Amino acid sequence: MWKWLNSYADPERSYNLAGKMLPWFACLAIALIGVGTTWGMLYAPMDYQQGDSFRIIYIHVPAASMSMAAYMGMATASFIGLVWQIKAADWAAASIAPIGAVITFIALFTGAAWGKPMWGTWWVWDARLTSELVLLFLYLGVIALYASFEDKVLAARAAGILAIVGVINIPIIKYSVEWWSSLHQPATIKITEKSTMTGDMLYPLLINIFGFGMMIGALTLVRFRAEVLARNGMRPWVRELAKAEAAK
Amino acid sequence: MNPRRKKRLTLAIALIVGVAGVASLLLYALNTNLNLFYTPYEIVHGKKDTGVKPDVGQRIRVGGMVTVGSMIRDPNSLHVEFAIHDSAGGEIIVTFDDLLPDLFREGQGIVAQGVLIESGKLEATEVLAKHDENYMPPEVAEAMGQTHQKLEYPEETKSEGYKYQ
């Protein structure tokens, strides 16, 4: 039943598929982030307590939730790469890691910039902030491990094990604000109950979250294609591609 | 599934389960230490599970709601004194000598860090405002009767303050 999926483990086919998907992801990302950010920054009402400062939520929350989603994506790819030894999955994991690291940094930075005027401090060592910082270090660890081996099969195995072990941090980040007392407030967007935010503030936020997801997808596809080429430089199809590119 | 894949799958799952087990035991053991702050109830009556009370002179963080109407402001300095409480019914007094954050209001959640100078009184060196997960436009908040008034300074206090400058 999974036979059809196996054919995409072939580098050339996955390279071409990624190329076909890229414009869709890129266009959706630009459209959604454009609409969500403009709506959130200019037209959404201001908050009753925080005034206009709350608008940083339209960057902070999408970045934070996507930093966790990207990690799950990376860990899943590593798991597939490790168990089924599909190289394309290893390359996918390696291409998500730096994007995840940057998006985590954005979440931490916008959080600090929001914390200073609202809470009165840039940083506090509460469970949510600390576990999100650990997520950044996990990403950096995966990047470093993948980069430090000459043999990329070995490198992907080492980085993959770290990525899989690090999955334990994701539920800790998610539930840190419920399990322990923290300065960070609990979740606003709830899946099972009504969100504690009015619709005209919530919709641009949801659009931006989705847009950030598409953006990470698009960036991953770009990096994945580059990674496939870098790992298959000696293959005839890559040489053909390079020749065709040079002839243009 | 061929036996080699099966072996790797078992190993990978064992790894995840093992790490999850270690992490949950670790977090369970550290549980109370991972809390950012004591609640006022815990300072008065001790922690629920261990009964440990913070000692006088200990440096701690306390989190709770500022009791409405408890705010006393010294007209000649930045010194303020207010009570914070929690839903369990504990209440302690906090004194502070510096600028309060913008979001500080009576009825607002705060986290204060400082030294417990006597049981039930905290001399804070840092007061942070904690905001909740509710976001709404001002009109909606008004309709729901949720507006926390911003701190109002009576006219005489203001002019008194200027005299001493």
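Colleague: Residues 201–222 of chain A: is that helix or strand, and how do you know?
Modeller: The span is 100% helix and 0% strand. Its end C-alpha atoms are 32 Å apart. Bear in mind that this is a predicted model.

Colleague: What does UniProt call residues 201–222 of chain A?
Modeller: An unreviewed entry labels them "transmembrane region". The annotation also covers residues 21–44, 56–84, 91–115, 127–147 and 154–173 of chain A. Take 154–173: that span is 90% helix and 0% strand, with end C-alpha atoms 30 Å apart.

Colleague: Which residues of chain A carry a domain name, and what is the span made of?
Modeller: UniProt, again in an unreviewed entry, places "domain: Cytochrome c assembly protein" at residues 27–184 of chain A. In the model that span is 78% helix and 0% strand. Its end C-alpha atoms lie 34 Å apart.

Colleague: Where is N208(A), and what does it touch?
Modeller: N208(A) sits in helix α8 of chain A. Beyond its neighbours within four places in sequence, N208(A) contacts I33(A), G36(A), T37(A), G40(A), Y58(A) and P62(A).

Colleague: What makes the largest nonpolar core a core?
Modeller: Its members are buried residues of the listed nonpolar kinds, joined through C-beta atoms within 7 Å. This core has 66 residues, and M74(A), A93(A) and A97(A) have the most contacts inside it. The elements that give two or more residues are α2, α3, α4, α5, α6, α7 and α8 of chain A. α3(A) gives the most, with 16 residues.

Colleague: Which residues does M74(A) touch?
Modeller: Residues up to four places away in sequence are left out, and M74(A) touches A93(A), I96(A), A97(A), G100(A) and A163(A). Apart from that core lies another, of 31 residues, including V66(B), F104(B), L116(B) and L122(B).

Colleague: Which residues of α6(A) are buried, and why are they said to share a side?
Modeller: They are A156(A), A159(A), G160(A), A163(A), I164(A) and G166(A). Their arc around the axis is only 150°, so they fall on the same side of α6(A). They pack against α3, α4, α5 and α7 of chain A, together with α1 of chain B.

Colleague: How many residues of chain B are in contact with chain A, and which element gives the most?
Modeller: 34 residues of chain B are in contact with 35 residues of chain A. On the chain B side, α1, β6 and α3 each give two or more residues. α1(B) gives the most, with 9 residues. By class, that side has 22 nonpolar, 6 polar and 6 charged residues.

Colleague: What is annotated at residues 9–30 of chain B, and is the span helix or strand?
Modeller: UniProt places "transmembrane region" there, in an unreviewed entry. The model gives 100% helix and 0% strand over residues 9–30 of chain B, with end C-alpha atoms 31 Å apart.

Colleague: What is the rest of chain B built from?
Modeller: Chain B as a whole comes to 4 helices and 6 strands. Their order from the N terminus is α-α-β-β-β-β-β-β-α-α. Of its 165 residues, 22% count as buried. Among contacts between residues at least 6 apart in sequence, 55% join residues at least 24 apart.

Colleague: Where is P101(B), and what does it touch?
Modeller: P101(B) lies in the loop between β4 and β5 of chain B. Leaving out residues up to four places away in sequence, P101(B) touches W119(A) and G120(A), along with V127(B), L128(B) and A129(B). From E118(B), 17 residues apart along the chain, P101(B) is separated by 25 Å between C-alpha atoms.

Definitions and conventions. Residues are numbered from 1 along each chain as its sequence is written. Chains are lettered from A and ligands numbered from 1 in the order in which they are written. This is a predicted model: local features need pLDDT of at least 70, side-chain atom pairs count only at pLDDT 80 or more; totals for chains, interfaces and linings use all residues. Two residues are in contact if their C-beta atoms, placed from the backbone, lie within 7 Å. Ala, Val, Leu, Ile, Met, Phe, Trp, Tyr, Cys and Pro count as nonpolar, Asp, Glu, Lys and Arg as charged, and the others, Gly among them, as polar. UniProt positions are given in the numbering used here, feature names are shortened, and annotations may be inferred rather than shown by experiment. A residue is buried if 20 or more other C-beta atoms lie within 10 Å of its own, exposed if 12 or fewer, and partly exposed in between; C-beta atoms are placed from the backbone. The arc is that of the directions from the helix axis to the C-beta atoms.
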